[in-house]
Amino acid sequence: MFEGIIRIIEDRGCEKSMNFFRDLLDDSDFCPQALKAYLPDPLPTRFYDRRVLFTRCDIEAVLATWPPGVFTLPHNHGIHPTFGVVKVLTGTIENRIFAPDQNRIRPAGISHFQAGDILKVPLKLIHAMGNPHSEIAVSLHIYSPKIEQVSYWDPLSFEPLRDPQHNSGPIQWPTSYAS
Ligand SMILES: [Fe+2]
């Protein structure tokens with residue numbers, strides 16, 4: 001199902017640009033029936049499932065499966081200048097943006113994306129992604145370079161977190177976050 005994406009990446013000489021990644025996912029259709037073969041079995045219930053689909057010339061594709069109510073912790077995308085795009089394949093994804101504030105963070109916006117929508121992950125983005133609804137959600141992520149040594153922040157205190165036990169969970173966001 002993802003062979004077509006790999007072929008296009010190789011045909012384009014492993015171009016690494018936000019526009020290329022966006023067009024790549026925008027032009028790709030993913031059959032919900034075929035997608036099932038790539039999902040974890042059983043489906044996750046408490047944490048999100050993240051599996052690497054392929055890595056080609058410093059471009060990595062990841063399939064994320066989101067149980068209802070589960071979000072990542074606020075995070076950046078590691079020590080490299082990583083950027084990418086995300087396509088929602090099924091369900092709804094909520095994207096919570098944060099701004100750096102000394103070594104802490106502060107809320108800076110909330111957006112929602114439906115199946116077929118694409119969101120950009122620009123350089124230095126700090127965000128938390130998750131599934132705000134009662135149905136499972138699935139998203140496809142293309143990044144370059146590979147994400148390594150991610151930093152996390154506490155979603156309530158906004159303080160940095162060192163080596164959290166889990167990087168996702170059923171986070172209850174304060175209603176005062178609404179923007
Ligand atoms: Fe992220």
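The protein chain holds three helices and 12 strands. The model is predicted.

**Overall form**

A compact globule of 179 residues would have a radius of gyration near 16 Å; the protein chain has 16 Å, so the two agree. Its C-alpha atoms fill a box of roughly 45 × 35 × 30 Å along the principal axes. Of the 179 residues, 29% count as buried. Consider contacts with a separation of 6 or more: 78% of them link residues 24 or more positions apart.

**The five-stranded sheet**

Five strands make an open sheet in the order β1-β2-β9-β4-β7, and their pairing is antiparallel. Its edge strands are β1 (49–56) and β7, each of which pairs on one side only. On average, neighbouring strands of this sheet are turned by 20° against each other, direction ignored.

Inside the sheet, β2 and β9 run antiparallel and are joined by seven bridges. Leu63 stands opposite Leu140 in β9. Two helices meet these strands. α2 packs on the sheet and touches β4, β7 and β9. The direction of α2 makes about 15° with that of β4. α1 lies across β1 and β2, and runs at about 40° to β1.

**The hairpin**

β5 and β6 form a hairpin with two residues between them. Gln102, in the turn, has a positive phi of about 60°. The two strands run antiparallel. Within this pair, Glu94 stands opposite His112 in β6.

**The nonpolar core**

Which residues touch the most other members of the largest nonpolar core? They are Leu25, Val85 and Ile142, in a core of 29 residues.

Leaving aside residues up to four places away in sequence, Leu25 touches Val85, Lys87, Ile118, Leu140 and Ile142. Two of these partners, Val85 and Ile142, are named with Leu25 among the residues that touch the most other core members.

Definitions and conventions: Residues are numbered from 1 along each chain as its sequence is written. This is a predicted model: local features need pLDDT of at least 70, side-chain atom pairs count only at pLDDT 80 or more; totals for chains, interfaces and linings use all residues. A nonpolar core is a set of buried Ala, Val, Leu, Ile, Met, Phe, Trp, Tyr and Cys residues joined through C-beta atoms within 7 Å. A residue is buried if 20 or more other C-beta atoms lie within 10 Å of its own, exposed if 12 or fewer, and partly exposed in between; C-beta atoms are placed from the backbone. Two residues are in contact if their C-beta atoms, placed from the backbone, lie within 7 Å. Two strands pair if DSSP finds at least two bridges between them. Helices (H or I, at least four residues) and strands (E, at least two) are DSSP runs, numbered from the N terminus. The radius of gyration is taken over C-alpha atoms; the globule rule is 2.2 Å times the number of residues to the power 0.38. Axes are lines fitted to C-alpha atoms, for helices over the stretch in contact, and angles run from 0 to 180 degrees between N-to-C directions.
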